[in-house]
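Trainee: I would like to go through the terms used for this structure and ask what stands behind each of them.
Mentor: Go ahead, one term at a time.

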Amino acid sequence: MRHAQPRIRAAFSLAVTSLLVISLITSQWWLGDSPQQMQFDTRLAPPSVHHWFGTDALGRELWARTLAGLALSFWVGCLAALLSTLIALSLAALATLSRRLDALVSLLIDTLLSVPHLILLMLIAFALGGGTQAVIIAVAVTHWPSLARVLRAELLQLRQAPYVRISRALGKSRWFVLYRHLLPHLLPHCLVGGLLLFPHAILHEAALTFLGFGLSPSQPAIGVLLADAMRYLSGGYWWLGVFPGLGLLLMVLSFDRLSSHLRRAL
Amino acid sequence: MAKPSQPILLGLALSCLVATSAALAKEQLVLAIGGEPEQGFDPLLGWGQYGTPLFQSTLLLRGNDLSPQPELATEWSLSEDRLTWTLTLRDDARFADGTPLTAHDVAYTFNAAAKAGGRADLSALADANAVDDHTVTLSLHSPRITFIDQLLTLGIVPHAARENGYSARYGRQPLGSGPYQLVEWQEGEQLIVERNPHFYGPTPAFERLVFLFTGEDASLSAAHAGQVDVASVPAALATQLPAHMQRVIMESVDNRGILFPMQPANGEQADSGAPIGNDVTADLAIRQAINLAVDREALAEVALLGFGRPAYGPADGLPWSDDDERIEAPQLAQAEEVLNTAGWELRDDGLRYKDGLPARFRLTYPSSDTTRQLLAEVSAEMVRPLGIEMQPTGRHWDAIQREALHQDAILFGFGSHSPQEVYYLFHSQHAGNGYYNSGFYANPAVDTNLDAAQAAESIEQANQYWRAAQWDGTSGYGLRGDSSWAWLVNLEHVYFANTCLDIGELGVAPHGHGWPITTNLLDWRWTCD
């Protein structure tokens with residue numbers, strides 16, 4: 001692949017990501033109850049032909065739990081990235097309305113960027129009582145500043161464009177200009193920005209859950225699987241951590257690669 | 001909130017400890033056994049109810065056979081009308097600051113604890129009086145058979161009027177006559193204590209004890225790294241014994257079970273704002289069916305890896321529990337019959353419904369507790385074939401108190417050396433009072449038996465009433481009656497201890513996670529050079 005053309009690499013990346021997304025979206029239908037089904041006589045079984053990724057302490061199939069965990073992370077990541085992008089877009093748009101609002105938005109961006117991500121995430125998730133909603137909100141609320149800064153800069157530049165100035169000179173309102181002339185130009189940025197946010201979002205969701213501030217330990221989330229695995233690693237049950245970890249890595253890398261190709265293409 | 005910082009803080013703490021341990025030979029023990037009290041080391045607020053109070057002495061001690069033994073009190077007696085306890089104190093007891101402990105301190109402790117409203121139930125106490133420096137009388141409003149438990153568990157604090165006396169800061173700066181005195185307490189991290197030079201009993205073998213308040217994972221990792229001498233481990237991880245350590249098993253009356261909200265949800269809220277009631281668990285048939293469906297033997301094997309046994313009540317094997325309170329389970333066919341008779345219909349989605357209400361409710365457990373998580377997940381799986389969906393939900397304790405305590409089924413743990421706990425759990429007087437009767441259980445017949453037990457003339461007579469409260473032939477809080485709980489397992493407390501550490505003869509532990517192992521701390525010895 002090293003010498004392949006960029007387009008082929010992008011196509012490969014798109015294919016892998018699409019395959020992953022399709023399997024994750026459809027997983028709830030073909031997995032059924034598998035992630036929860038317990039087989040007490042095959043507890044902590046190592047990987048084999050019968051148990052592809054091995055089983056956990058309650059005899060549940062780890063491949064099913066890993067896929068269910070990735071699917072959960074996918075939806076949480078999607079929603080958090082979408083919400084984050086909307087926040088970034090709204091605030092960037094707000095910043096174009098007046099100098100005061102621009103200063104306020106800039107201050108907000110700088111303030112949030114100066115606070116360590118993970119601490120803020122933990123505080124918000126804890127304050128909201130944990131759970132899926134809390135994680136989505138926490139990730140969304142903490143991940144918008146970088147994208148907002150890019151969008152704001154782009155908007156400020158666009159505001160000086162001749163067609164925008166003409167439109168304003170013709171008496172069009174600020175909202176009209178924003179809606180008709182500025183926002184359409186930002187959509188590609190939003191798409192790439194949202195895609196770039198996605199791997200961050202799922203990594204932080206997994207981290208929050210791993211630390212005990214995220215999803216319930218009863219949900220087969222990747223963070224939960226990794227946290228459970230920590231307890232058993234000293235007993236030599238390596239598969240409990242390796243497969244969920246590799247799954248998370250694959251998902252993050254595939255989306256990261258895809259968004260990089262997309263950014264270059266746009 | 002402590003969990004994220006634990007690995008780093010533990011690493012730093014352990015590095016310091018390892019660096020100093022060589023110089024100290026084995027004057028110091030490092031223990032990761034949990035048990036950090038939220039309210040501080042204040043007996044008036046509940047400290048010492050489980051295991052040793054460490055800093056304070058109690059009037060009496062509980063022997064391995066649970067009988068009272070002398071401690072601060074050398075003699076004790078109860079008047080014929082069962083309203084006045086008279087105790088004679090030893091004359092060599094001193095607080096850690098060197099001042100003598102007198103009957104005035106004892107009287108102050110009991111009177112203040114009665115007003116403080118902590119875990120010690122002194123509602124029966126009318127007055128505590130110091131007759132002289134070494135004699136104290138405790139007068140009761142009415143006979144109370146379990147009052148002796150307070151003599152066994154309430155640590156004596158210095159009178160507020162004396163120098164270094166009791167104050168609002170006492171929980172953070174405890175002063176007592178126990179074997180150890182506090183050096184430093186970093187909340188959520190560690191507690192360092194040293195010998196009390198004025199302790200009247202035998203000199204403890206170890207000059208200094210360091211208690212690390214780490215989570216289960218960090219404790220296990222520290223044990224494997226050889227950085228702690230004693231670690232409390234959940235049963236599910238008890239097979240991962242490090243090479244240099246021995247597994248120490250402490251029998252216990254510590255149990256785990258599912259407490260059901262007993263009232264229907266009708267919009268009421270507790271004083272804390274937490275909603276009360278659950279329409280599904282308020283139905284007797286649901287509670288009975290769950291009790292019939294849960295395979296307790298399998299739970300003990302799967303969730304505890306055999307380090308425990310089935311539980312059928314709050315005090316299995318103790319004299320105040322009915323030995324006939326047993327159930328042959330799983331009996332899925334009988335459970336289905338119970339549900340069918342009660343009008344719970346099984347639908348195509350695999351769930352039962354009654355008047356449109358699905359048989360679905362949350363089974364909440366503290367998310368930091370591996371054992372409870374496993375018990376919740378496995379028992380939920382066991383009742384699923386019935387068409388009952390218990391949704392295992394892990395939450396922080398404060399979220400449980402805020403939202404779940406009175407409306408979710410909760411996977412609780414209890415277990416005491418005293419029948420007083422049965423009173424707390426099932427008397428309507430304690431409905432909604434803290435964790436005990438958080439399901440708002442109330443049955444007048446049970447109340448009558450519990451009150452009769454408290455007023456009984458003898459332990460034997462009281463035990464008959466305690467057992468009748470469980471099942472009197474027509475009613476009771478137990479399996480044959482209201483099935484207000486689904487008791488699941490009795491735990492064995494599992495510890496990893498350094499092979500050089502002789503823990504001595506262990507008694508039977510009450511609930512209290514890892515801390516009860518400290519009960520015979522004075523017997524511990526280091527056996528290596």
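Trainee: Which residue is the bridge partner of Val30(B) in β10(B)?
Mentor: Val210(B) is the partner of Val30(B) there. This is a predicted model, and the pairing is read from its atoms.

Trainee: What makes β1 and β10 of chain B a pair of strands?
Mentor: Two strands pair if at least two bridges are found between them. Strand β1 (residues 28-32) and strand β10 (residues 208-212) of chain B are joined over four bridges, in the parallel sense, so they meet that cut-off.

Trainee: Where in the sheet do these strands sit, and what is the strand order?
Mentor: The order in chain B is β8-β9-β10-β1-β11-β22-β12, an open sheet of seven strands with mixed pairing. Neighbouring strands in this sheet are turned by 20° against each other on average, direction ignored.

Trainee: Why are β8 and β12 of chain B said to stand at the edges?
Mentor: Each has a single partner strand, so one side of β8 (180-186) and one side of β12 (245-250) in chain B is left without a neighbour in the sheet.

Trainee: What lies across this sheet?
Mentor: Helix α4 (residues 216-224) of chain B lies across β1, β11 (230-233), β12 and β22 (493-498) of chain B. The helix runs at about 140° to β11(B).

Trainee: How do you know that β6 and β7 of chain B pair, and in which sense do they run?
Mentor: Six bridges join β6(B) to β7 (residues 135-140) of chain B, against a requirement of at least two. They run antiparallel, and Ala128(B) stands opposite Leu138(B) in β7(B).

Trainee: Which sheet holds that pair?
Mentor: An open sheet of four strands, ordered β4-β5-β7-β6 in chain B, with antiparallel pairing. β4 (73-78) and β6 (125-132) of chain B are its edge strands, because each has a single partner. Helix α2 (residues 103-116) of chain B lies across β5 (84-89), β6 and β7 of chain B, at about 170° to β6(B).

Trainee: Which residues of α5(A) make the contact with α8(A)?
Mentor: Val135(A), Ala138(A), Val139(A) and His143(A). By class, the contact as a whole has six nonpolar, three polar and one charged residues.

Trainee: How many helices and strands does chain A have?
Mentor: Ten helices and zero strands.

Trainee: Where does UniProt place the transmembrane regions of chain A, and what is the chain like there?
Mentor: The unreviewed UniProt entry gives several, including residues 107-128 and 182-203 of chain A. Residues 182-203 are 100% helix, with end C-alpha atoms 32 Å apart. Residues 107-128 are 86% helix, with their end C-alpha atoms 25 Å apart.

Trainee: How many residues does each chain give to the contact between A and B?
Mentor: Chain A gives 17 residues and chain B gives 26. On the chain A side, α4 (117-127) and α9 (222-233) are the elements that give two or more residues. That side has nine nonpolar, seven polar and one charged residues.

Notes. Residues are numbered from 1 along each chain as its sequence is written. Chains are lettered from A and ligands numbered from 1 in the order in which they are written. This is a predicted model: local features need pLDDT of at least 70, side-chain atom pairs count only at pLDDT 80 or more; totals for chains, interfaces and linings use all residues. UniProt positions are given in the numbering used here, feature names are shortened, and annotations may be inferred rather than shown by experiment. Axes are lines fitted to C-alpha atoms, for helices over the stretch in contact, and angles run from 0 to 180 degrees between N-to-C directions. Two residues are in contact if their C-beta atoms, placed from the backbone, lie within 7 Å. Ala, Val, Leu, Ile, Met, Phe, Trp, Tyr, Cys and Pro count as nonpolar, Asp, Glu, Lys and Arg as charged, and the others, Gly among them, as polar.
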